[in-house]
Amino acid sequence: MSSLSERPQQAVVGLPLPHESAALHVTGQALYTDDFVVRTKDVLHAWPVQSPHTHARITDLRVKPAYDVPGVVRVLTGDDVPGVNDAGVKHDEPLFPTEAMFHGHAICWVLAESLEAARLGAAAVEVDYEPLDSLVTVREAIAAGSFQGTGRHLARGDVEAAFASAAYVFDGEFEFAGQEHFYLETHSALSLVDENGQIFVQSSTQHPSETQEIVAHVLGVPSHEVTVQCLRMGGGFGGKEMQPHGFAAIAALGATLTGRPVRLRLNRTQDITMSGKRHGFHSAWRAGFDDDGHLIALDATLTADGGWSLDLSEPVLARAMCHIDNSYRIPNVRVDGRIAKTNKTSQTAFRGFGGPQGMIVVEDILGRCAPMLGYDGTELRRRNLYRVGDTTPYGQPVRHADRLESCWTQVSGNGDVVRRRAEIEAFNATHPHTKRALAMTPVKFGISFNLTAFNQAGALVHVYKDGSVLINHGGTEMGQGLHTKMLQVAATTLGLPLARVRLAPTRTDKVPNTSATAASSGADLNGAAIKNACEQIRDRLAQVAGGKLGIGPHDVRFVEGQVSGLSGDSLSWDELVHTAYHQRVQLWAAGFYRTEGLHWDANAMRGEPFKYFAYGVAAAEVEVDGFSGAYTLRRVDIVHDVGDSLSPLIDIGQIEGGFVQGTGWLTLEDLRWDESDGPHRGRLATQAASTYKLPSFSEMPAEFNVNLLEKAHEDGAVYGSKAVGEPPLMLAFAVREALRQAAAAFGPAGTSVDLASPATPEAVYWALDRARSSVGSEPLETSGV
């Protein structure tokens with residue numbers, strides 16, 4: 001067992017503690033970025049001038065009428081930028097564009113004494129546009145050959161030979177939608193400049209260091225002149241990894257030019273129309289099976305809808321390609337990936353980061369092909385699961401593949417699946433207008449950033465003379481419980497009660513050059529960095545304690561605020577810290593961690609890009625009404641692998657929340673852009689909660705059972721834990737597959753159902769109607785049957 005993963009017997013990690021800010025959240029005392037406005041004097045408010053065209057050249061911009069509006073102080077345009085007029089890391093996102101690239105694109109920003117004055121000032125700005133042709137759908141982009149970024153190719157084995165020998169070959173296409181983040185706190189930033197010209201930005205950002213970098217290059221100053229702080233976010237889900245930078249830069253530019261604090265907070269409609277979503281994808285595929293139902297060949301082309309600029313589309317596509325296998329062994333694989341350029345918001349990171357988009361392709365293939373192969377979908381999936389000794393299509397060994405089988409067996413047993421499936425069969429036989437179904441799906445999700453350099457983290461730990469401890473780390477808190485886990489890691493490493501440790505806000509002047517809190521890596525990276533810093537301090541204190549107790553430093557033990565040796569003599573933590581200070585022993589440390597063992601050739605799509613895989617299995621039971629397609633999620637059973645949990649209550653909450661968010665993406669959340677040739681072409685029609693359906697209490701299953709896989713220690717990760725943020729989202733495939741099976745139950749045995757995604761009640765109705773009339777029972781081209 002590695003020293004990083006070894007856990008002491010008496011540990012604060014592993015205790016089921018509530019979120020460290022839970023009481024503040026529910027009482028309204030928790031502060032978010034925009035709450036600091038009322039504590040800041042003479043704040044100016046920002047409002048965008050948005051394009052009413054989906055694609056248009058800006059031929060003239062007249063800002064003078066805005067200054068006639070009482071309260072307007074400044075209109076920010078491209079002429080005001082002292083540095084680089086770009087808000088992206090790919091240099092393809094002009095902060096002040098000369099060409100509107102999507103409906104709602106911000107052309108310039110108005111600063112005023114009040115939000116209403118800023119709004120009226122923005123309405124007074126006059127812009128002349130020359131409308132241009134636009135591409136709204138990914139299919140339009142494919143037809144037009146409109147692509148951006150670098151395409152990728154992933155291959156293993158001899159695909160053509162495998163297809164030639166396959167007993168069954170199926171072909172199909174599958175297009176599936178994106179997803180709106182719909183975090184409760186919209187994008188916001190507050191910037192001010194001190195007397196020395198130091199720029200301070202409070203930002204709702206998952207990536208403070210990159211926000212700092214973008215603000216600095218927009219202003220034309222070095223990074224040390226910009227400090228970015230993120231106290232907490234009201235949700236992020238990936239939508240605040242790249243997208244906050246431009247908004248922070250606008251606030252910082254305004255503060256620099258006016259000498260006054262500038263606040264920028266988008267309202268809900270602005271946020272939805274201006275910020276990126278999960279990438280929708282188009283897939284075309286061919287799959288070959290042997291006589292025993294084993295998937296022996298897969299040939300697929302994945303086209304991601306990137307929107308108007310690259311953002312994170314390239315790594316999202318790469319992860320999708322690396323997860324097209326999900327949990328299944330496919331010996332012969334060929335996958336081509338490309339990024340479409342469309343006139344929509346620039347699509348960005350979203351929980352799962354391409355993993356869900358890759359996995360849904362193989363899950364759709366298995367769900368559609370199972371009836372035509374004569375298998376139940378659950379059985380077809382189980383017989384294709386990875387086994388010990390298997391490797392992925394990109395060459396990484398699937399370590400601990402036996403955990404897939406363990407999760408599967410536990411879900412099946414704890415969920416009494418065999419008995420319930422028999423009951424469902426009997427129910428369906430006697431209910432012609434209502435059908436039930438139960439489906440099981442697995443998850444295998446790789447943990448680490450695609451880009452190896454991002455797999456590093458820093459921390460700063462202070463021990464004060466009174467024995468209290470303050471920790472800083474580079475991760476950001478967006479409600480996921482990262483700070484709670486970090487407090488537990490520090491308390492465990494120092495052998496202190498949790499109450500002796502406090503956590504400071506995330507700031508770029510405390511821990512520099514940090515990676516985004518993303519890729520489910522927040523606890524792995526920052527926890528290891530905090531542990532490293534605490535161990536440095538503990539080792540120094542052990543030298544002092546050894547001298548006081550007359551023992552070797554390696555025999556010193558730190559437990560619950562007491563420092564002792566094998567002889568039984570002890571002293572308190574406070575006494576030891578006091579002694580160490582007077583001996584001039586350093587009581588603070590900077591910690592660092594880099595994930596070892598990663599190597600990845602992005603061009604060849606080969607290597608071991610992930611530290612480990614997180615596993616899980618879900619079973620979902622649904623009931624579908626044959627007259628409307630409306631459905632009820634009756635029961636969900638989950639077993640998920642989080643290693644040795646750092647904080648079980650937090651992890652179970654993450655699994656529940658991720659599953660529900662995944663269910664929303666797959667069944668409810670239906671982004672609709674106007675695809676007509678009318679005046680509103682390209683406009684996002686689902687701009688609010690009134691038109692964009694989110695999962696709520698009514699969509700929760702009546703019975704929801706979540707269990708953590710036991711005896712799942714992960715060697716080489718902090719205290720034997722595993723990441724939990726993203727993998728549970730993909731457990732929701734079980735809901736979609738249950739809906740497919742329920743729709744098929746309206747038709748004759750062996751009916752194969754083509755189900756749209758999201759599988760809204762409307763989509764389910766049309767699927768079951770086709771099944772009922774036996775139209776569409778053979779949706780795929782087949783050969784060798």
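**Entry 1: the annotated domain**

I began with the UniProt record, an unreviewed entry, which lists residues 27–133 as "domain: Aldehyde oxidase/xanthine dehydrogenase a/b hammerhead". I kept in mind that I was looking at a predicted model. For residues 27–133 I looked up the overall layout: the span is 14% helix and 32% strand, and its end C-alpha atoms lie 50 Å apart.

Next I went to Phe281, which I found in strand 13, residues 281–289. Is Phe281 buried or exposed? Its relative accessibility is 1%, and buried means under 20%, so Phe281 counts as buried.

I then listed what Phe281 touches, leaving out residues up to four places away in sequence. Among its contacts are Phe174, Glu175 and Phe176, then Leu302, Thr303 and Ala304, and also Leu317, Ala320 and Gln357. I also checked a distance to Gly358, 77 residues along the chain from Phe281: the two C-alpha atoms are separated by 9.1 Å.

**Entry 2: strand 14 and its partners**

From strand 13 I moved on to strand 14. The two pair in the antiparallel sense over 9 bridges, and I noted that His282 has Thr303 of strand 14 as its bridge partner. The hairpin of strand 13 and strand 14 has 5 residues between the strands, and there Gly293 takes a positive phi near 80 degrees.

How many residues of strand 14 are buried? I got 10 of its 11 residues (295–305), so I wrote the strand down as mostly covered.

I looked for another partner of strand 14 and found strand 15, residues 332–340, paired in the parallel sense over 9 bridges. Here Ala297 stands opposite Asn332 of strand 15.

I followed an open sheet of 4 strands, in the order 16-27-28-29, with mixed pairing. Strand 16 (434–447) and strand 29 (703–708) are its edge strands, each pairing on one side only. From one strand to the next, the twist averages 15 degrees.

Within this sheet I looked at how strand 16 meets strand 27, residues 612–625: the pairing is antiparallel, over 14 bridges. Ile447 is the residue I found opposite Tyr612 of strand 27.

**Entry 3: Leu470 and the sheet with strand 18**

Leu470 sits in strand 18, residues 469–473. I had to check the cut-off here: Leu470 has 19% relative accessibility, and buried means under 20%, so it counts as buried. Leu470 touches Leu460, Val461, His462 and Tyr464, as well as Arg502, Leu503 and Ala504, again not counting residues up to four places away in sequence. I also took the C-alpha separation between Leu470 and Thr77, 393 residues apart along the chain, and got 42 Å.

Strand 18 and strand 19 pair in the parallel sense over 3 bridges, and Val469 has Val501 of strand 19 as its bridge partner.

**Entry 4: helix 18 against helix 19**

Helix 18 (residues 733–744) and helix 19 (residues 761–772) pack at an angle of about 35 degrees, and I have their axes 8 Å apart. Helix 18 brings Leu739, Ala743 and Ala744 to the contact, and helix 19 brings Val764, Ala767, Leu768 and Ala771. I sorted the residues of this contact into 7 nonpolar, no polar and no charged.

The loop between helix 18 and helix 19 holds Pro758, and the peptide bond from Ser757 to Pro758 is cis, with omega near 10 degrees.

Most residues other than glycine have a negative phi. Phe353 is in the loop between strand 15 and helix 10 (355–373), and at 12% relative accessibility it counts as buried.

Glu560 also has a positive phi, near 50 degrees. I found Glu560 in the loop between strand 21 (557–559) and strand 22 (562–564), and its 57% relative accessibility makes it exposed.

Technical notes:
Residues are numbered from 1 along each chain as its sequence is written. This is a predicted model: local features need pLDDT of at least 70, side-chain atom pairs count only at pLDDT 80 or more; totals for chains, interfaces and linings use all residues. Side-chain values use heavy atoms; hydrogens and water are left out. UniProt positions are given in the numbering used here, feature names are shortened, and annotations may be inferred rather than shown by experiment. Buried means under 20% relative accessible area, exposed over 50%, partly exposed in between (1.4 Å probe, protein chains only). Contact means heavy atoms within 4.5 Å. Axes are lines fitted to C-alpha atoms, for helices over the stretch in contact, and angles run from 0 to 180 degrees between N-to-C directions. Ala, Val, Leu, Ile, Met, Phe, Trp, Tyr, Cys and Pro count as nonpolar, Asp, Glu, Lys and Arg as charged, and the others, Gly among them, as polar. Two strands pair if DSSP finds at least two bridges between them.
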